[in-house]
Amino acid sequence: LFADDLSLFAKANEHNCNTILKVLDEFRAISGLKINFLKSHMFVSPNISRRRARNLSYMSSIPLTQNLGNYLGVPTLHTRVSKDNFNYLLEKLKTKLAGWKSGMLSLAGRATLILSVTSAMPAYAMQTMEIPRKVCDDIDKINRNFLWGDTLEKRKVHLVN
């Protein structure tokens, strides 16, 4: 539960579906807030038959989805965590650093930017899931290259590992 978002989990059967609909209706009656089922999504396990999933979707008027997308900027994963799930994070870091000219900043300035901005960017995702080691290594590499002033045209010597 966060702000106006709510995630409900239950075994995929008619009884649980009816119970959830009853609770949501009671919530509507008490609060005066109406649930928009068209903006809602139902995700079911791949182990549930498509027929049962369609029946539950029809019964609740909530459309089925195969992917719940992002929540608060972090992907809602339904499969194993892989490096590809975090490409968005690496791209955000590269975009952020591309806006800063490493040649215009002192070493101390670059170090401060890395510590205050780019090291903080993956922190939220790290609070919700374990980021693969390869992604962490790539983040470190991006930060190191920025720190030592590497560009696409010219690689600089990294004076300290």
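**Notes on the predicted model**

1. Let's start with the overall make-up: six helices and two strands make up the protein. This is a predicted model, so please read every value here as computed from it. Going along the sequence, the elements come in the order α-α-β-β-α-α-α-α.

2. If you take the contacts between residues at least 6 apart in sequence, 53% of them join residues at least 24 apart.

3. The helix pair to look at is H4 with H6. Two packed helices are described by the angle between their axes and the distance between the axes. Here H4 spans residues 107-118 and H6 spans residues 133-148, and the two pack at an angle of about 155° with their axes 8 Å apart. Because angles over 145 degrees count as roughly antiparallel, H4 is roughly antiparallel to H6. The crossing of these two helices is right-handed.

4. Which residues make the contact between H4 and H6? From H4 come Leu107, Arg110, Ala111, Leu113, Ile114 and Thr118, while H6 supplies Asn143, Phe146, Leu147 and Trp148. By class, the residues of this contact are seven nonpolar, two polar and one charged.

5. How many disulfides does the structure hold? The count is zero. As for accessibility, cysteine 17 has a relative value of 9% and counts as buried, because the cut-off for buried is under 20%. Cysteine 136, with a relative accessible area of 22%, is partly exposed.

Notes:
Residues numbered from 1 in each chain as written. Predicted model: local features only at pLDDT ≥ 70, side-chain atom pairs only at ≥ 80, totals over all residues. Heavy atoms only, no water. Disulfide = S-S within 2.5 Å. Buried < 20%, exposed > 50% of the residue type's maximum accessible area, 1.4 Å probe, protein only. Axes fitted to C-alpha atoms, helices over the stretch in contact; angles between N-to-C directions. Helix = DSSP H or I, 4+ residues; strand = E, 2+ residues; numbered from the N terminus. Parallel < 35°, antiparallel > 145°, perpendicular 65-115°, else oblique. Left-handed = near helix turned anticlockwise from the far one by under 90°. Contact = heavy atoms within 4.5 Å. Nonpolar A, V, L, I, M, F, W, Y, C, P; charged D, E, K, R; others polar.
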